[in-house]
Structure formats: structure tokens, C-alpha cells
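Let's walk through this structure together, starting from a covalent link and moving on to strand pairing. Have the viewer open and follow along.

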Amino acid sequence: MVRRTLMVVATLALSLVAASVADGRSSKSNVCGASEYSYAGVQSTVKAHGVGATLDPLQTPNVSAGHVGAWIGLGGTDQGPGGAAEWIQVGYSAFPNDRLSRIYYEVTVAGAEPRYTELDSAVKPGEKHAFKVLETAKRKGWWRVWLDGKAVSPAIHLPGSHGNWYAQASAESWNGGVRACNSFHYRFANVRLAHADGGDWRALRQTIPFHDPGYRLVTTSNIPRNFLATSLAGAPPVRTVPDLITRASNQLAARQALDYTRFRNR
């Protein structure tokens, strides 16, 4: 699964300006599935050297077209050298006909296509896993993905990333280009940031929260930072950070998808 990356500019983070943006245009629709991508999550207002959280899908995926997912990550579509797309993330995904969730990580290196790596294809509802994306302690700009305390990726060089990236923790739905209103029900627990290469973990504090029509962010604890990202009919939109997705990743998402109600807090 390839997904959009959200990135907030510093001026927006400081001013907390509310905006709803889809591919550079304002979204006027309040209907679930009307926008190609929909989100519910948070964006850090400070740059970080890593992000970690425990996530679990609360219910069986319900995807009629496209995909749903929940992830943590850093980077964005103009965060690489010369404004190139570059990011790293890890989390859950689900596609049409999936009865269980998948664990994946995705990396986009400047000048290359996004790379999706699947780690598990049979995650049951309520099954918790600890995810982490962290810059290595000895080599600046090199990153690893961690799952349940173990490194599951090689060290990956992401030029220009050192000290420059914000962190995101978000659920999403892609409507498959057919206005599908997919359902997701995810729990995020102990969301935290690494404030130095290799660690110095602290609870995520200051954020910009956002959710799009048909979905809702429900904060359950500020410290530690815990929240639910869930489908909810009639949810009004709140502030959404600028959307900087590369169109190439949309096309890759469609190719991969072809190959593959209410939230319940347990």
C-alpha cells in the first residue's frame, strides 16, 4: 500500500491555521469517500529523529475499494534534496476482501519510486504491535524501521533528512477512485518522538490534530498521547494540514491494490 504523506510547514504549526486541502485545492465536500484520500490523526509541531507508537486495529477491515491503513512516519513529498519526495513509515494496511490486517513499511528515497514491504498478512482485530521509525545513532540521515523491539529493515539512507522532518501518526482511507466510503477503527497508544539520533524518547505533546469528513480523531489521553482514529458517520471536518502527496505514489497504490460501524474500544 502506498499512501499520502502529510507535512505541516512551520508557519502553519505556529499559527494553527485551519485549512482543508486536497491536492492543492480546497475541499468543499462533507461526504465520506468524496475526497480521494481521507485522514484522521496528528502531526507534530517540532522536528524529530524518530517516532514510535503501539497500534492495533479494533475491528475487521471493511474496504470496498482502494485501501485503509494506520501508520507512523516522517518526511514528505518535498522533503528530499531539491524538493524531491522522500519519506519513511510503518503501520497497518488492508485492501478489498481482506478479513485481517497487514503490517508493512514504506520508503521513498529521493529520485526513486515508493517501495512497499509487507511483513505480516494476518493481524487479527485487537492484536497490538509496537512500531518505530528511528534515525540511527552513528550515521546521520540513515533510518531503520522497528517492529516489536526488533529492526525489520536495513539501514536506509534518506539524504537531507537529518534534523529536518516532522512526525505524523495517522489513519487513512483511499477511495480507489470510485468514491468508496471505507471503514477503519484504529487505536494509537504511547505516541512518542525521538529527540536525538538513536533515541531520547519523549511523549508527543504539541500537535496539530486533523480529521476529514466521515472519520474522527478521539483523544483518550494527552500524556501519554493516546487516541482513536475511526469511521463515524456525519463527523464534521476539522483542521487538515496541507497535503503534499506525489501523484506517482497514487498510481503505485492502484497497481498494488489490484493485486491484493462504529468504533469499538476493547
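Predicted model: local features only at pLDDT ≥ 70, side-chain atom pairs only at ≥ 80, totals over all residues.

The disulfide count here is 1, and the link runs between cysteine 32 and cysteine 181, with an S to S distance of 1.9 Å. That falls within the 2.5 Å cut-off, so the pair counts as a disulfide. Look down the S-S bond and you'll find 100 degrees about it, which makes the link right-handed. It ties together distant parts of the chain, 149 residues apart: cysteine 32 sits in the loop between strand 2 (25-26) and strand 3 (37-47), while cysteine 181 sits in the loop between strand 13 (166-174) and strand 14 (185-196).

How do the two ends compare in accessibility? Cysteine 32 counts as buried because its relative accessibility is 17%, under the 20% cut-off. Cysteine 181 has a relative accessible area of 44%, so it is partly exposed.

Now go to strand 14, which pairs with several others. With strand 4 (residues 50-57) it runs antiparallel over 7 bridges, and here glycine 50 stands opposite alanine 194 of strand 14. Strand 18 (residues 225-231) is also antiparallel to strand 14, joined by 5 bridges; phenylalanine 188 has phenylalanine 227 in strand 18 as its bridge partner.

Strand 15 (residues 199-203) pairs with strand 14 too, antiparallel and over 4 bridges. Alanine 194 turns up again here, with tryptophan 201 in strand 15 as its bridge partner.

Definitions and conventions:
Residues numbered from 1 in each chain as written. Heavy atoms only, no water. Helix = DSSP H or I, 4+ residues; strand = E, 2+ residues; numbered from the N terminus. Buried < 20%, exposed > 50% of the residue type's maximum accessible area, 1.4 Å probe, protein only. Pairing = 2+ DSSP bridges.
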